[in-house]
Amino acid sequence: MADQEQIDIDTLLDMPAPERSRTGRASALARLLHQDCTHLLELYRERESLLSDHTPAGDRIVPLSLSSPDLSSDEQVRLLHSALRKCSGLLECLILREEEEMGELEGEYETARKSVRDRLGHLLHSTKVLLETDEDVTPDHQCDEEVDGVVGTFGAKMWTYRVLLELTHWADSASQTLHVLHSEREGKEEEI
């Protein structure tokens, strides 16, 4: 059933649909990204079975908050875009680190990681369009910042786990925020 839903959403996103709004496409893309991030996290947990018993310590890697009641939906999307750029940078660091340590990976994990990278890039472009801005969509992170403090193999695995948890969190936040924005904008268009 989940596979059928995945195919249906993918098919809908790939179809030219002039009636589908930019916010609707961005919201659907964020839902897909969240599914992909969740799947990637599950694959990583399966591969690194020791981590299932551990909860990473520490604060969020991307410490932005969208929960302030004073933020408009547009301001939330701007913060979300910033958080997604940081997540993109973290993902690039994760990929570099894994390729340095294990070489070029193949299989379901690599396919899922590539899908997350691609969809995250598309979502960054979509949020940029929604903001109607020239803001940068390149990853916002220097690989040596977070990674330098990681010591040993277990530390590296926990850092990777934290990054994947962060990606999943922000993909979920994107899905929720863009759904609300889409609902608000669609409601305004119906009133006109």
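A search of the whole structure finds zero disulfides, a disulfide being a pair of cysteine sulfur atoms within 2.5 Å. The structure is a predicted model, in which local features need pLDDT of at least 70 and side-chain atom pairs count only at pLDDT 80 or more, while totals for chains, interfaces and linings use all residues. Residues are numbered from 1 along each chain as its sequence is written, and side-chain values use heavy atoms, with hydrogens and water left out.

Cys37 is buried, with a relative accessible area of 2%, and Cys87 is buried at 1%. Here buried means under 20% relative accessible area, exposed means over 50%, and partly exposed lies in between, using a 1.4 Å probe and protein chains only.

The overall fold comes next. The protein has six helices and zero strands, and along the sequence the pattern reads α-α-α-α-α-α. Helices (H or I, at least four residues) and strands (E, at least two) are DSSP runs, numbered from the N terminus. Of the 192 residues of the protein, 41% count as buried. Among contacts between residues at least 6 apart in sequence, 82% join residues at least 24 apart; a contact means heavy atoms within 4.5 Å.

The largest nonpolar core holds 41 residues. Such a core is a set of buried Ala, Val, Leu, Ile, Met, Phe, Trp, Tyr and Cys residues joined through side-chain atoms within 4.5 Å. The members that touch the most other members are Leu94, Tyr109, Leu123, Leu164, Leu167 and Leu178. Helices α2, α3 (73-102), α4 and α6 (152-191) each supply at least two residues of this core, and α6 gives the largest share, eleven residues. Leu167 touches both cysteines discussed above, Cys37 and Cys87, as well as Leu91 and Leu120, not counting residues up to four places away in sequence.

Val163 is found in α6 and is buried, with a relative accessible area of 1%. Leaving aside neighbours within four places in sequence, Val163 is in contact with Ile61, Leu90, Leu91 and Leu94. Val163 and Leu94 are 69 residues apart along the chain, yet their C-alpha atoms are separated by 7.7 Å. Thr160 also lies in α6 and counts as buried at 5% relative accessibility. With the neighbours within four places again left aside, Thr160 is in contact with Tyr44, Leu94, Glu98 and Tyr109. Ser73 has its place in helix α3 and is buried, with a relative accessible area of 13%. Beyond four places in sequence, the contacts of Ser73 are Val180, Leu181 and Glu184.

A pair of aromatic rings is described by the distance of the centres and the angle of the planes. How many aromatic pairs does a search of the whole structure find? It finds one. Tyr44 and Tyr109 form this pair, which is tilted, with 6.2 Å centre to centre and 40 degrees between the planes. Rings of Phe, Tyr and Trp (its six-membered ring) pair if their centres lie within 6.5 Å; planes under 30 degrees apart count as stacked, over 60 as edge-to-face and the rest as tilted. Tyr44 lies in α2 (residues 22-47) and Tyr109 in α4 (residues 108-131), so the pair ties together parts that are 65 residues apart in sequence. Tyr44 is buried at 1% relative accessible area, and Tyr109 is buried at 9%. Arg47 lies over the face of Tyr109, at 4.4 Å from the ring centre. A charge sits over a ring if NZ of Lys or CZ of Arg is within 6 Å of the ring centre and within 35 degrees of the ring normal.

Helix α4, which holds Tyr109, ends the tour. The expected span of a helix is 1.5 Å times one less than its number of residues. The 24 residues of α4 should therefore span 34 Å, and the end C-alpha atoms are 34 Å apart, which agrees. Buried residues in α4 include Tyr109, Arg113, Leu120 and Leu123. Just after α4, Glu132 takes a positive phi of about 50 degrees.
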